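Here is a colleague's note to read beside the sequence and the model. Please keep the structure open while you go through the points.

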Amino acid sequence: MEQPVLLEMRGISKEFPGVKALDGVNLTVRAGTVHALMGENGAGKSTLMKCLFGIYRKDAGQIFLEGKEIDFKNSKDALENGVAMVHQELNQALTRSVQDNLWLGRYPKLAGIMVDEAGMAKRTKEIFETLDVHVNPRTIMSTMPVSQRQMVEIAKAVSYDAKIVVFDEPTSSLTEAEVEHLFRIIDMLKKKGCGIIYISHKMEEILRISDDVTIMRDGQWVATRPAGELTMDEIIRLMVGRE
Ligand code: ADP
Ligand code: MG
């Protein structure tokens, strides 16, 4: 049975001065599936996701979430409306604690004014328990290895309870055990019916966890195929555009 379409991006274009970063790109993500987005460096993967997430304004095209057209003004707008993203570049407040980073911009409030420190600690603990993340919420970010900071970022994205979760090259700084942990989290999201967009260069990873694969080259959509029908050679050929 085909899962229902959750997200549809149609004909997305985006130009930067002197660069056509996206040229009429399409992407359809079904509920409860992992959709891998592949392409060489500079193909436009991150730009496409930033257009979805409201970081960039698209020049052309349409985006539909559960059939309703959306056009997020900024990342807060995206997060409040069911789209979360783990960015390629970590952007964390390093002098602050793990839990501050988790709730930055959306602190639970007491009587609508005071930051609810106890509530924050409790909810952080609950989220980490659900995700099996073993990090002390009071640890200062800068004292942790980059891989653990990445796991906090992943937990944060999941904590928004989004319908669509984007992972932009999440495993580049993770240890092997953490990659396995991330895959368990992704599996949990799939079972909840989320749509996952997963960007990576690592073929084995892609073929292992994804249901569908979209390949981009030079800002253009090249192909979308079920992962089961693709081989590594085929992916490389589509990414590079020659044998
Ligand atoms: P990918 O994530 O697939 O590696 P990007 O989406 O980061 O590719 O980049 C696509 C193209 O757009 C590249 O040529 C890149 O240099 C350009 N680009 C991305 N962001 C900007 C920006 N903010 N300003 C100018 N050019 C950009
Ligand atoms: Mg990128």
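How far does a polar side-chain atom of K45 lie from an oxygen atom of ligand 1? The answer is in point 2, after a word on how the model should be read.

1. **Reading the model.** This is a predicted model, in which local features need pLDDT of at least 70 and side-chain atom pairs count only at pLDDT 80 or more, while totals for chains, interfaces and linings use all residues. Residues are numbered from 1 along each chain as its sequence is written, chains are lettered from A and ligands numbered from 1 in the order in which they are written, and side-chain values use heavy atoms, with hydrogens and water left out.

2. **Polar contacts of ligand 1.** A polar side-chain atom of K45 lies 2.8 Å from an oxygen atom of ligand 1, which is a polar contact in the sense used here: a pair of N or O atoms within 3.5 Å, where within protein one must be able to donate a hydrogen and the other to accept it, and residues adjacent in sequence count only if both atoms are side-chain atoms. An N or O atom in the side chain of T47 is 2.5 Å from an oxygen atom of the ligand, and for G44 it is a backbone N or O atom that lies 2.9 Å from a ligand oxygen. On its own, ligand 1 has 560 Å² of accessible area, of which the protein covers 65%; such areas come from the Shrake-Rupley method with a 1.4 Å probe, and for residues only the protein chains shown count as cover.

3. **The shell around ligand 1.** The residues around this ligand (each with a heavy atom within 4 Å of it) include F16, V19, E40, K45, S46 and Y56. Helices here are DSSP runs of H or I with at least four residues, and strands are runs of E with at least two, both numbered from the N terminus.

4. Because S46 lies in helix α1 (residues 45-52) and Q88 in the loop between β6 (83-86) and α3 (98-103), the pair ties together parts that are 42 residues apart in sequence. S46 is buried at 17% relative accessible area, whereas Q88 is partly exposed at 33%; buried means under 20%, exposed over 50%, and partly exposed in between, with a 1.4 Å probe and protein chains only.

5. **The nonpolar core.** The largest nonpolar core has 76 residues, and the members that touch the most others are L48, M49, L52, I164, F167 and I197. Such a core is a set of buried Ala, Val, Leu, Ile, Met, Phe, Trp, Tyr and Cys residues joined through side-chain atoms within 4.5 Å. Leaving out residues up to four places away in sequence, I197 touches, among others, L7, L27, V29, H35 and M49, where contact means heavy atoms within 4.5 Å.

6. **A buried lysine.** K58 sits in the loop between α1 and β4 (60-65), and its relative accessibility of 16% counts as buried. The K58 side chain reaches the backbone oxygen of G61 at 3.4 Å, and beyond four places in sequence the contacts of K58 are I12, S13, K14, C51, I63 and D71.

7. **A buried serine.** Which loop holds S200? S200 is in the loop between β10 (195-199) and α7 (203-209), and at 3% relative accessibility it is buried. Its side chain reaches the backbone nitrogen of K202 at 2.9 Å and makes a polar contact of 3.2 Å with the side chain of E205.

8. **Two positive phi values.** D132 and D161 deserve a look at the backbone. D132, in the loop between α4 (117-131) and α5 (146-159), has a phi near 60°, a positive value in a residue other than glycine. Phi of D161 is also positive and near 60°; D161 is found in the loop between α5 and β9 (164-168), and counts as exposed at 56% relative accessibility.
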